[in-house]
Amino acid sequence: MTTPSSSRPTPPSPPRSPSSASRERVLARIRAATAGAGEAPDVPRDYLTRHVPDDPEALLGLLHENLADYRAQVHRTTENELPQLIGRLLDRRGARSVAVPPGLPERWLSATTAERRGDEPRLGPYELDATDAVVTGCALAVAETGTIVLDGGPGQGRRALTLVPDLHLCVVRTPQQVVASVPLALARLGPTRPLTWISGPSATSDIELNRVEGVHGPRTLEVILVTGGPSDGH
Amino acid sequence: MSGVFVGMPAFPEAARTAVADATLRSNLRHATHTIRDKRARAVAELADWVELREAGRRIKEQTLRHLDRHLLRLEESVTGAGGTVHWAADAEEANRIVADLVRATGETEVVKVKSMATQEIGLNEALAAEGIRAYETDLAELIVQLGDDRPSHILVPAIHRNRGEIRDVFRSEMGKWGRPAPDGLTDAPAELAEAARLHLREKFLRAKVGISGANFMVAETGTLVVVESEGNGRMCLTLPETLISVVGIEKVVPSWRDLEVFLQTLPRSSTAERMNPYTSMWTGTSDDDGPSAFHLVLLDAGRTDVLADETGRQALRCIRCSACLNVCPVYERAGGHAYGSVYPGPIGAILTPQLRGTASGIDASLPYASSLCGACYEVCPVAIDIPEVLVHLRERIVERGGPGHRRERATMKAAGWVLDHPSLLAAGERLATRTRALHPRNPPGARAWTESRDLPELPAEPFRDWWRKNRT
Amino acid sequence: MRVALFVTCLNDAVFPKTAVATVRLLERLGVQVDFPSGQTCCGQPLFTTGYRARAAPLVRRTVRAFEGYEYVVTPSGSCAAMVRTHYGRFGPEAAELGPRTYELTEFLVDVLGVTDVGAYFPYKVTYHPSCHGLRLLGLGDRPRRLLGAVKGLELVELPGAEECCGFGGTFAVKNPDVSAAMDADKVRSAVSTGGDVLCGADSSCLMHLGGMLRRLSAPLRELHLAEILAGTEEDPWREESGR
């Protein structure tokens, strides 16, 4: 593979910004503009924290339905059968290489013959582009919107890892990683981590305002919902 | 009444061309009607839409009331997380800052995420003047850039193009910018999307500098948020070594929790989705993920003028969802180009004249580019009363006067006077009804209206005469 | 019950039949109707075109004309909306007229509590809900409920009913091309229903639509809701029922 070095040179330091005068100017304009304004009323937070009842089984169903509605491929399996399912899915998509984020449980890839590409040292953009798939976990999933959220934690990797390869397999542990709503998701996430919210594969509405799947991000998103108990099929 | 309105301003003239363009009319009608119905369904799914809308409005009001504090807090948070904050009082300064930052990296090309702010300030042109090539990576922006065209919609800048036109642009232009369109490219949307993927991928992989805007900036945490669909945003935000975000000062929100409102209302209002495919959130720089240098350029460029206007400042609440464009009957027929600004449609009609002033013909005509039907206000997820601001801006224009309004003012003065004198009014009504057989079908005052319509017949007598004869 | 008729300048001068029908309908329902002759125009065209100062004397005149009336009834959603949503900008005295002002269908349904007004109209009707009645007053289904109860009347849905007809006061002359395109689209929708009558509750929109209907020689005519509701089996609506 002929790829540019994945080491990252330190960029030259940027020039000192001459904008401190502008900083004072803008702040002064803001203060002048709002000087006579009355106090704004408090924000009413009487919207709902969730739109569906707190029933894990129903949440799982809703997550499944909403993921599928935006063209994610959804599978359900058990912890025991997870490696076999991952192996089968990679095979079915013809993935011969798979990027492996740090901290991904080794068991998950125990049933695949695809070449494993670790990210330490980091894979360069061209190496990632030449990698067929990536397997990750997630930070949580949002049932009401059919969204998975990655925060770069163990088994998730940095953001580019789940972006450049064309196939993303994402494992969601249920019920513990499933939240009902956007407000509940935000409350559980750490703002200072790099976060990626993913709802289905890459899509666009730019042609006649019709949604078409498959642009720059992974064109295939397979979401595996892992349940604790025995396999309940799919 | 058209004889009264001499010096017809620019919007009506631009709209005339658009209305006469059958392809454009059909493209816009198809696209806006498709999204209109979908939006209504997506919004109807949330039982608390009214409360979310009110909360969104109040969060923005609170933010604007203490904008200085929130920006200072944001600056502190971003700086603390390894980013550098720059302040730009106007477009020229913002462009200068960005150009200097790019030059310092030694690079001569950048990849860009779709951003209204950078379009507003003409960043691409300013960079080109410095020998830096900016590649637009959003599909619609790419269509516009390749076609040497102008954007006509906030969310879907190439909404005026149908799939056949897009295919033609790709076939003829892609090769001049990089990887050419695949042989035998058809107008199937999936094929067009694939062509864009292939064309842009080589640019993403070699990019060293990314430029973005942001949908939200969280003061409390220093987190920036970009909401997108295609993944081009993720590419630009993640792969380059240097990231420069140019963001209007009004895009700050006080707290992390505030996102729970906008991440529910924005996707449903814009693309009519429960959630858009990708949302990226980043806070300064991280050691092991994404760009190692992050610059945030805070842009004023007229926003503080808008903030100073008690009625007009609500335009700064806008989260650029474009629901008002999609539902607007005037936008549907006039198209985005007629608005002469990167901000078309109802929001553009109130934002552009406030950001740029009303000295030019086009800017002075924008507040009149509405029938005040109120559909925009109804769908706005932050409850901007666009008709209210339109009327307010009309008042400003009338106060300022100008040659185009001298005769209109005289007419309004006369009308106001007659209407304030019922006996005169009654006499006028009687005179009009008695001489109705003599009236031309095309009276000078109403010519613009009678061009395409026939006047009603005047009655034999006004109602007040009937009342006098029959009820008193 | 005694009410003041807020006739509107357009109905007074150009559509007296609508005004007369409103009087006859209200009287048939047992309401005593007054016509305060000091009224002229509510000031809306001046206000929305940007001439607030010129509108102010008309606002004051309107407020004076209806002083002391508990119910001010108008067959115009647009003028009712002007009073209710914009008069507050002209001071507390003007604001006070808002809650006493009722668009005709609001008065019938909410105050009199009737939807069947005993009307008879043996034609196929489609209804255009004008923007100000729809969005500023929130008239909702009141007009359709009233029409639905009219004997002999067949109500057909207007496709894209909630879209503006393109009048918008001075909009129609300042932006004639866009206005005409909106108008023509609305008329095409109305024609597609196969109805005999395009009904509305705002004379300004009806004038605008009627102008296009006549120009296109469309096979249906415009008619104000009040005129439909005023007709009965004993004294049915006819072309010259204005008297």
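Two strands are taken to pair if DSSP finds at least two bridges between them. The model toured here is predicted.

**Within chain A.** Begin by selecting strand β2 (residues 97–100) of chain A together with strand β4 (residues 133–136) of chain A; the two pair in the parallel sense over 2 bridges. Here Val98(A) stands opposite Ala133(A) of β4(A). Within β3(A), Arg117(A) is the bridge partner of Ala99(A).

**The side of chain A that touches chain B.** Display chains A and B together: of the 2 pairs of chains in contact, this one shares the most contacts. In chain A, 67 residues are in contact with 90 residues of chain B. Select α1 (20–34) of chain A, which gives the most to this side of chain A, with 10 residues. Other elements that each supply at least two residues include α5 (182–188) and β10 (203–207) of chain A. Coloured by class, the side of chain A that touches chain B shows 32 nonpolar, 21 polar and 14 charged residues.

**Across the chains.** Select β9(A) and strand β9 (residues 278–283) of chain B, which pair in the antiparallel sense over 4 bridges. Thr196(A) stands opposite Ser280(B) in β9(B).

**Within chain B.** Move to helix α5 (residues 91–105) of chain B, whose 15 residues reach 22 Å from first C-alpha to last, close to the 21 Å expected. Buried residues in α5(B) include Ile97(B), Val98(B), Leu101(B) and Val102(B). After α5(B) comes Gly106(B), with a positive phi near 80°.

Key:
Residues numbered from 1 in each chain as written. Chains lettered and ligands numbered in written order. Predicted model: local features only at pLDDT ≥ 70, side-chain atom pairs only at ≥ 80, totals over all residues. Expected span 1.5 Å × (residues − 1). Buried ≥ 20, exposed ≤ 12 C-beta atoms within 10 Å, placed from the backbone. Contact = placed C-beta atoms within 7 Å. Nonpolar A, V, L, I, M, F, W, Y, C, P; charged D, E, K, R; others polar.
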